[in-house]
Amino acid sequence: MSDLPVSRPAHRLDPYVDRYAARTAGMTASEIRALFAVASRPEVVSLAGGMPNISGLPLDVVGEALRELVLTNGPVAMQYGSGQGLPELREKITDIMRLEGIEAHADDVVVTVGSQQAVDLVTRVFCDPGDVIICEAPSYVGALGVFKSYQCEIVHAEMDADGLIPEAVRQAIAATKAAGKKIKFLYTIPNFHNPAGVTLSAQRRLEILEICRTEGVLVLEDNPYGLLGFDRDPMRAMRAEESEGIIYLGSFSKTFAPGFRVGWALAPASVREKLVLAQESATLCPPQFSQMAISTYLDKADWQGQIKQFREMYRERRDAMVGALTDLMPAGCSWNVPDGGFYVWMTMPLGVNTKTMLPNAVKERVAYVPGTAFFTDGFGSGAMRLSYCYPPPDKIREGVRRLAGVVERQLDMLQTFGTAEGIPGLPIRGDEAPPTDLR
């Protein structure tokens with residue numbers, strides 16, 4: 001028998017790696033997903049996740065509505081439905097959108113599995129690999145993940161305290177066209193932005209619409225938080241100003257409950273038909289039971305009164321967050337004060353890297369989302385998103401207390417070493433700081 005070594009194929013952790021489609025290279029776990037396993041531990045105060053607090057829902061009313069649905073219409077509710085969605089629910093959706101000035105026909109509404117699927121369907125319908133999508137800086141991590149999975153190039157446009165800057169949009173469009181690349185749409189969250197917490201001003205909405213109209217750029221208006229303002233009536237949606245050139249996305253996840261996974265897209269007729277075809281190829285149809293359950297709830301419950309209660313609850317939590325930050329965070333930290341939604345965007349003193357600091361925060365039993373999760377161009381390491389939607393006010397204050405201690409120790413290290421270069425893992429490049437002031 002030969003003593004020569006036997007050649008064996010190298011062991012691979014994933015034996016299918018050579019078989020995947022090229023687009024899977026863009027499918028990576030977000031920093032939020034990786035964080036959830038830790039943030040969900042009971043001893044950790046999570047200021048990370050954007051989970052709505054549904055404890056205030058009238059579960060007796062919801063339960064009775066579901067019971068009645070099953071007993072009176074169960075065989076229909078548990079059957080396949082239309083790829084476009086339940087007609088009765090689409091009619092009710094047009095009533096909801098009317099609160100933001102939108103006049104639309106139910107035929108132009110496509111029900112989706114949450115607005116996240118709507119982002120996916122729109123991207124599938126419009127984008128080829130290498131196409132450009134212009135996004136706010138920072139932008140919603142779930143949308144960025146969709147765009148990357150379709151091999152799109154993301155070009156960020158800066159924001160400030162009044163939302164997306166029109167001139168930044170104009171420059172992003174010009175630079176992209178000069179490079180010979182195709183822009184498929186502008187993706188924006190105009191109300192109570194995730195993650196920045198800011199709201200696009202009424203004047204800027206008109207300016208950005210005019211820019212996109214002139215340049216032939218479609219607008220994808222994602223609006224899950226629009227009814228959750230604290231001190232004013234809902235702002236007019238961008239879609240309320242014009243019907244062509246805009247696809248509007250909505251969701252019941254923030255104003256009712258995310259577990260039903262029901263959202264929608266309002267699109268021009270030709271686009272709507274493509275979205276229905278994409279929906280049918282993806283799921284055949286959105287879940288009939290969830291749609292009928294929400295439709296029944298909207299019939300039986302004081303849903304506008306319930307949204308008002310949610311607004312008051314989230315305002316109390318916002319006040320707890322901002323008050324604790326004001327009382328406890330060290331000098332040099334800054335943050336905005338959102339007037340609706342779920343999020344505060346906080347900027348650190350120069351040299352503090354929120355991504356490399358996160359393990360220290362988790363060790364102290366507090367979690368946040370580093371700003372790098374919301375950019376694709378290397379920015380964001382000097383910022384973080386803080387969510388006040390889920391924890392009660394006392395937990396929010398305790399979480400901020402723990403976080404303040406972590407930041408203070410990081411600043412002490414910086415002062416001891418003198419520069420960021422002396423601390424492994426901290427950024428050296430000056431452009432690692434967030435590019436905009438969102439206060």
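Me: Leaving aside its neighbours within four places in sequence, which residues is Arg205 in contact with?
Reply: Contact means heavy atoms within 4.5 Å. Arg205 sits in helix α7 (residues 202-215); helices (H or I, at least four residues) and strands (E, at least two) are DSSP runs, numbered from the N terminus. With neighbours within four places in sequence set aside, the contacts of Arg205 are Pro190, Asn191, Thr199, Leu200, Met235, Arg236, Ala237 and Met238.

Me: What kind of model is this?
Reply: This is a predicted model, where local features need pLDDT of at least 70, side-chain atom pairs count only at pLDDT 80 or more, and totals for chains, interfaces and linings use all residues. Residues are numbered from 1 along each chain as its sequence is written, and side-chain values use heavy atoms, with hydrogens and water left out. The model is predicted.

Me: How many salt bridges does a search of the whole structure find?
Reply: A salt bridge is a side-chain nitrogen of Lys or Arg within 4 Å of a carboxyl oxygen of Asp or Glu. Side chains of opposite charge can pair when their charged atoms come close. The search of the whole structure gives 24.

Me: Which side chain of opposite charge is nearest to Arg205?
Reply: Lys and Arg count as positive and Asp and Glu as negative; His and the chain ends are not counted. Arg205 is buried yet has no salt bridge. At 4.6 Å away, the nearest side chain of opposite charge is Glu221.

Me: Is Lys92 buried or exposed?
Reply: Buried means under 20% relative accessible area, exposed over 50%, partly exposed in between (1.4 Å probe, protein chains only). Asp299 forms a salt bridge with Lys92, their closest N and O atoms 3.6 Å apart. Asp299 is exposed, at 55%. Lys92 has 16% relative accessibility, so Lys92 counts as buried.

Me: How many residues apart are Asp299 and Lys92?
Reply: The salt bridge of Asp299 and Lys92 links distant parts of the chain. Asp299 is in helix α9 (residues 288-300) and Lys92 in helix α3 (residues 87-98). Their separation is 207 residues.

Me: How far apart are the closest N and O atoms of Arg170 and Glu167?
Reply: Arg170 and Glu167 are three residues apart in helix α6 (residues 166-178), so about one helical turn separates them. Arg170 is partly exposed at 40%, and Glu167 is partly exposed at 38%. The closest N and O atoms of their salt bridge are apart by 2.7 Å.
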